[in-house]
Amino acid sequence: MTTAVADAHDAEHHDDHGPTKGYKRWLFSTNHKDIGTMYLIFSLVMFFVGGAMAMVIRSELAIPGLQFVHPEFFNSMTTMHALIMVFGAVMPAFVGLANWMIPLMIGAPDMALPRMNNWSFWILPVAFGILLSTLLMPGGAPAGGWTMYPPLILQTGDAFPFLIFSVHLMGISSIMGSINVIVTIINMRAPDMSLLKMPMFVWTWLITAYLLIAVMPVLAGAVTMLLTDQFFGTSFFLAAGGGDPVMFQHIFWFFGHPEVYIMILPAFGVVSEIIPTFSRKKLFGHDSMVYAASCIAFLSFIVWAHHMFTVGMPLTGQLFFMFATMLIAVPTGVKIFNWVATMWRGAMTFETPMLFSLAFVFLFTIGGFSGLMLAIQPADVQYHDTYFVVAHFHYVLVPGSVFAIMAGAYYWLPKWTGHMYNEKLGKLHFWASTIFVNLTFFPMHFLGLAGMPRRIPDYSTQFTDFNTIASIGAIGFGLSQLLFVAVLLTAKRGEKATDRVWEGSHGLEWTVPSPAPWHTFTTPPKARIANEAFD
Amino acid sequence: MIRKSILSLLGLVLTSAASAEWALNMPEGVTDLSAETYRLHMMVFWWCVAIGVVVFGVMIISLIKHRKSKGAEPATFTHSTVAEVIWTAIPVVILLVMAVPAAETMVKLEDTRNPDISIVVTAYQWKWHYKYQDEGVEFYSSLARPSVDARRKQSGVDVNSVDNYLLEVDHPVVVPRGAKVRLLLTSNDVIHSWWVPELAIKKDAIPGIVNETWFNANEVGTYRGQCTELCGKDHGYMPIVVEVVEPEAYQAWVDTRKDGDAKFASAQ
């Protein structure tokens, strides 16, 4: 640490004694920066755990025939990979970014509910400890898919109640996290920062937090009904007792579709921060970006049954869900056009965060195109539950959400560590990731169209070549992520970062020293003044 | 650069697999509706390509021209209501162009009235049962023996030597060409899904529910598909084979089946 930081720190807190030493600093932490760091590290660990499972899946699928695992274990791998990536890697990463950056961006001293913040983080390792422990249980880990459709999921062995309990815990953690985000944003903004003056990352998180509060209890309800069906003699989803297996799917996807946007809206926010910085131009159409994100959030509640076009719904229902789903293309298009307009006639440079953001715009759009194709019900009858769907959602989740997380990590890393990361290593990480992610997921479009169903451990020999390519890509992508670890391990060796870090950056987070001192904004800043300082 | 590497790889794959029946795209199939579905798929695909060319084109021009290293000075515009209205309105029009034919096809797909033949399909973990409602023919259809022997982990059998590996059954469904075949799908245990790409129908088989779907094949041939809803450990091992034959051959098949079933019943 340099004296400048120490001075700034001392000037603000004469009587502050700084963080506690040792494990207590982390276990009892109520500091948004420390908790944010823990969220991000936890997410990275889960990214590698879930990634290791993906390696098992892709190794088995590299050539036809069963080589490494039995079908039931294969099914456990697909199920656990999805649960871990969705709830353990992507969602906590965004909560980590929110924890670190929202108070800094709105000029708040901390999150509004710091003790709950601690609790919502520390629930997560417990939840995933429980989930991962099911790998060692009689009957194996859950193998019914992350969607947990009954009656199949009720055939899970001893792992079943542990699965339900861990999902409950993840939900509780998410709900507490989002309450914290909402209360912080609504109550603790710098005095002259009106809602529409908020940075896009803050906006998208505000919307995401409302989505989370709306749908996590729905998921909790659905899995609780599974639990009572299994152990307490109810028949919510059991046809033999007068229940309806399809009802679970409706409830699940009423959670599941907003969940999709929970994983992409904060990504939109991150990219909307980064593109203006490296284009040296203000975000084009800030307000319409806010309206578009709100529109997407609203529509996300009325499109859930497009995941269920083959369950046998009434014609009118299918028509409604097809039209509503297609409508989502409009606000999503607005966002993409606005990003392009932001770059237009800017003065762009291509540091690692910008590279990841540009790849995000390109590749997320490809995922959007396949999404539009999937909305067309007669065509979806062909695509449904094939590798085309696998390609689609991996395009929006990996070069979509994950690339945005990476972009955000590179963008704010100098603010967190006080040092510039190794740009060469970062660029290498970017190019390796981008090439391999396409090599992995692009051929899956062809596999799906050619007729390969998803969630199968072995396949007919005509699917061999594309599967082999996808497996090579996947292993390359997995190894490329070790470069990111190398970037993090060498993060403090780079030159000293300035407060503003990037030439074109705007916003309150760039007015505090780098690294951001343990306590910031103990007196509220003037947002407008801070912004104008950089104009 | 990324594109180039993908394209060259694709080229490699295509040439290496020229002998096999290669599929990059959805099959056009053998029913009127499968052809309609294919056309819908291609229409939306080409719209996506067109939109992609415009959006990515503008973006790439910007990436080349508006970079700081070329001495670009950033402009100061921040919004334009006209632009926002235009790029909201144009997608709405394009969506309408897609939605109308999609809805028309959907209406036809759902019209299961007046079938010539009705088959009750019951799914089990992990096989299918077919019962021809009026013909009095019924049978189970499971993965064929050569695939069963080859599929086990380290079975010692080269799966490439097995004909139609994992896509062959012991008893295929036989239907006549040019007849409207209605499937009534249900399940005995968990949810399964019945899919044959060439017929362009996929419908879930759900316990406690009877789902309906239909097809009318125009061409004689053997069409293969698989279960497409995760249904447990052998989800990947319950294929579907439909043989479309001329009506006379179908009648002959029904007669021998009936005969066989009767003999089997009397033997018991």
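**Close-ups of a sheet and a contact**

**View 1. Strands S1 and S2 of chain B run antiparallel.** S1(B) and strand S2 (residues 127-132) of chain B pair in the antiparallel sense, with six bridges. To count as paired here, two strands need at least two bridges found by DSSP. Strands (E, at least two residues) and helices (H or I, at least four) are DSSP runs, numbered from the N terminus. Two residues sit between S1(B) and S2(B), making a hairpin, and Val120(B) has Lys131(B) as its bridge partner in S2(B). Keep in mind that this is a predicted model: local features need pLDDT of at least 70, side-chain atom pairs count only at pLDDT 80 or more, and totals for chains, interfaces and linings use all residues. Residues are numbered from 1 along each chain as its sequence is written, while chains are lettered from A and ligands numbered from 1 in the order in which they are written.

**View 2. S2(B) also pairs with S3(B).** This pairing is antiparallel too, over five bridges, and Tyr130(B) meets Phe139(B) as its bridge partner in S3(B). In their hairpin, with four residues between the strands, Gly136(B) takes a positive phi near 70°.

**View 3. S1(B) and S5(B) go parallel.** Seven bridges link residues 117-124 with residues 181-187; Ile117(B) has Val181(B) as its bridge partner.

**View 4. Here's the whole open sheet.** Its five strands follow the order S3-S2-S1-S5-S8 in chain B, with mixed pairing. At the edges, S3 (137-141) and S8 (211-215) each pair on one side only.

**View 5. Chain A touches chain B.** The contact (C-beta atoms, placed from the backbone, within 7 Å) takes 81 residues from chain A and 85 from chain B. H12(A) gives the largest share of chain A's side, nine residues.

Notes. Two residues are in contact if their C-beta atoms, placed from the backbone, lie within 7 Å.
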